[in-house]
Amino acid sequence: MRKTLAALATTALAIMGTVCVASPASAAPAPNDCWTISNTSSNFEYKCEFALRNLSGKTASQQEAIKQDWFRTATTEFEEFFPFQGCSNVLKVGDTCVLQPGNSPIQVSEMGSNYFVFKSLPGHLEGANRYIKFAFYVLDNELRLGVRAWGPPSLVAKGTVWSGAAADIWGTYASELSTGSTQPL
């Protein structure tokens, strides 16, 4: 009996050890949606995330090169893919555009190695002094487009997210990039 209990205990410990020694969980797939991050009297912020391409089987350096190619395409063929018209094809810091439809003026306020940021100007539908950042990054072997908007709250900004319009607009942008891009996998 004692040997049987010892054998059972050894088996139980082995099973528990197997259960406890697990590989790290992978990140969830991109949600392809937008959600509110902050809703205060001075800031309304939302975030979106969309899958662009599966990069499984690519090395880290290949994934980085693909991300950079996609970013370059997005910022040098801008009018080709962006859901609103009114900017030039090549984005440059300081450029101003009036996005159509909506007659909404913006300025390119910042560009990094994998992102660009717009600032809304007076007359923009969501109000002035709001920012929106578009970033390209790789997470869990997936090329993704992240969108983050923040600034003074307005009913239009809130309604855009809460109605699902932000997810539709930026999801369309992600889809246009995915289906229209000539970038290699």
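Guide: A residue is called buried when its relative accessible area is under 20%, and please keep in mind that this is a predicted model.

Visitor: OK, then is V117 buried or exposed?

Guide: V117 has a relative accessible area of 3%, which is under 20%, so this valine is buried. V117 sits in strand β5, which covers residues 115-120.

Visitor: And which residues is V117 in contact with, leaving aside its neighbours within four places in sequence?

Guide: With those neighbours left aside, V117 touches Q107, V108, S109 and E110, then Y131, I132 and K133, and also W150. For Y131, which is 14 residues away from V117 along the chain, the C-alpha atoms of the two are separated by 6.7 Å.

Visitor: Switching topic: how many disulfides are there?

Guide: The structure has 2 disulfides, and with the bonded cysteines counted along the chain, their pattern is 1-2, 3-4.

Visitor: Take C34 and C48, then. How far apart are their sulfur atoms, and what does the torsion say about handedness?

Guide: The sulfur atoms of C34 and C48 are 2.0 Å apart, and the torsion about their S-S bond is about 105 degrees, so this disulfide is right-handed. Since C34 belongs to strand β1 (residues 33-39) and C48 to strand β2 (residues 44-54), the pair ties together parts that are 14 residues apart in sequence. Both C34 and C48 are buried.

Visitor: What about C87 and C97, and where do they lie?

Guide: C87 and C97 are joined by a disulfide with an S to S distance of 2.1 Å. C87 is in the loop between α3 (78-81) and β3 (96-99), while C97 is in strand β3, so that the pair links distant parts of the chain, 10 residues apart. The torsion about the S-S bond of C87 and C97 is about 115 degrees, and the disulfide is therefore right-handed.

Visitor: Are those two cysteines buried or exposed?

Guide: C87 is buried, with a relative accessible area of 8%, and C97 is buried as well, at 5%.

Visitor: Zooming out, how many helices and strands does the chain have?

Guide: The chain has 5 helices and 7 strands, and from the N terminus on their order is α-β-β-α-α-β-β-β-β-β-α-α.

Visitor: And what share of the chain's residues is buried?

Guide: Of its 185 residues, 37% count as buried. The accessible surface of the chain is about 10,000 Å², with 58% of that belonging to carbon and sulfur atoms.

How values were computed
Residues numbered from 1 in each chain as written. Predicted model: local features only at pLDDT ≥ 70, side-chain atom pairs only at ≥ 80, totals over all residues. Heavy atoms only, no water. Disulfide = S-S within 2.5 Å. Helix = DSSP H or I, 4+ residues; strand = E, 2+ residues; numbered from the N terminus. Buried < 20%, exposed > 50% of the residue type's maximum accessible area, 1.4 Å probe, protein only. Contact = heavy atoms within 4.5 Å. Areas by Shrake-Rupley, 256 points an atom, 1.4 Å probe, with all protein chains shown as cover.
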